[in-house]
Amino acid sequence: MSSLEGGKITMKFKLNLTRNFELVPEGTRNLEITEVKITPSGAPQQMRLTMKDTETGATIFNTYKFDNNTSLWAMGVMLNIALGIEDGAEFDTKDAQQLVGLVLSCEVAHSEYNGKNYANVKKINELVGFVKKEPATDVASMPGTDLADL
């Protein structure tokens, strides 16, 4: 819930440290790429995809590390399937946002680490679609909108 205090918008939320979120189910799943982060921004070392199961809405993360040959190979396979980038071609991380909205058929498996269960993308099968994103609306620029009323 947000509120306006002293001219500043504030928000209160309840912490959830129990990790009781839903795992993406095991098996063949359609996953939409909802976010791509290249970190750190000054000297990129990895690309992290946030993916959402199109049926359950559960979230899974897939990280590709740039200093690991196996991870680079897996990223290359993903880029070939998702964007059609051919073997031997270059990919510039500034173009990574092209992945957002793509829906990939993936094989998901569960694993346990330190007593906690995790969902992992084991294989990317094929590109199955694209979710069109509506452009973000800048509330402050909308006619008749006064931020003081929010």
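**Contacts and overall make-up**

I began with contact range: of the contacts in the protein between residues at least 6 apart in sequence, 47% join residues at least 24 apart. Contact here means heavy atoms within 4.5 Å. The model is predicted, with local features needing pLDDT of at least 70 and side-chain atom pairs counting only at pLDDT 80 or more, while totals for chains, interfaces and linings use all residues. Residues are numbered from 1 along each chain as its sequence is written, and side-chain values use heavy atoms, with hydrogens and water left out.

I looked up burial next. The protein has 150 residues, and 23% of them count as buried. The cut-offs are relative accessible areas: buried is under 20%, exposed is over 50%, and partly exposed is in between (1.4 Å probe, protein chains only).

I then listed the elements. I find one helix and seven strands. Their order from the N terminus is β-β-β-β-β-α-β-β. Both kinds are DSSP runs numbered from the N terminus: helices are H or I with at least four residues, strands are E with at least two.

I traced an open sheet of five strands, order 5-4-3-6-7, with antiparallel pairing. Strand 5 and strand 7 are the edge strands, each pairing on one side only. From one strand to the next the twist averages 40°. Two strands pair if DSSP finds at least two bridges between them.

Seven bridges join the two, which run antiparallel. They form a hairpin with five residues between them. In the turn, Gly-57 has a positive phi of about 80°. I noted two cross-strand partners: Gln-46 bridges to Lys-65 in strand 5, and Arg-48 stands opposite Thr-63 in strand 5.

Which side chains of strand 5 are buried? Ile-60, Asn-62 and Tyr-64 are, and they point to one face.

I checked Thr-50 in strand 4. Thr-50 counts as buried, at 11% relative accessibility. Not counting residues up to four places away in sequence, I see it touch Glu-32, Ile-33, Thr-34 and Glu-35, and also Thr-59, Ile-60 and Phe-61.

**Helix 1**

I listed the buried residues of helix 1: Ser-71, Met-75, Met-78, Leu-79 and Ala-82. Seen down the axis, they fall within an arc of 100°, so they line one face of the helix. The arc is taken over directions from the helix axis to the C-beta atoms. The face turned away from the buried side carries the exposed residues Asn-69, Thr-70 and Trp-73.

Against which strands do the buried residues of helix 1 pack? I find strand 4 (46-53), strand 5 (59-65), strand 6 (102-113) and strand 7 (116-130). Helix 1 lies across these strands and runs at about 120° to strand 5. Axes are lines fitted to C-alpha atoms, for helices over the stretch in contact, and angles run from 0 to 180 degrees between N-to-C directions.

I checked both ends. Asn-68 caps the N-terminal end, with a side-chain oxygen 2.9 Å from the backbone nitrogen of Thr-70. After the helix comes Gly-84, with a positive phi near 75°.

I turned to Ser-111 in strand 6. Ser-111 is partly exposed, at 30% relative accessible area. Leaving aside neighbours within four places in sequence, its contacts are Lys-116, Asn-117, Tyr-118 and Asn-120. A polar contact of 2.7 Å joins the side chains of Ser-111 and Asn-120. A polar contact is a pair of N or O atoms within 3.5 Å; within protein, one must be able to donate a hydrogen and the other to accept it, and residues adjacent in sequence count only if both atoms are side-chain atoms.

Most residues other than glycine have a negative phi, and most peptide bonds are trans. Asn-114 has a positive phi, near 55°. Asn-114 lies in the loop between strand 6 and strand 7 and counts as exposed, at 66% relative accessibility. I also noted a cis peptide bond between Thr-39 and Pro-40, with omega about -20°. Pro-40 sits in the loop between strand 3 (27-39) and strand 4.
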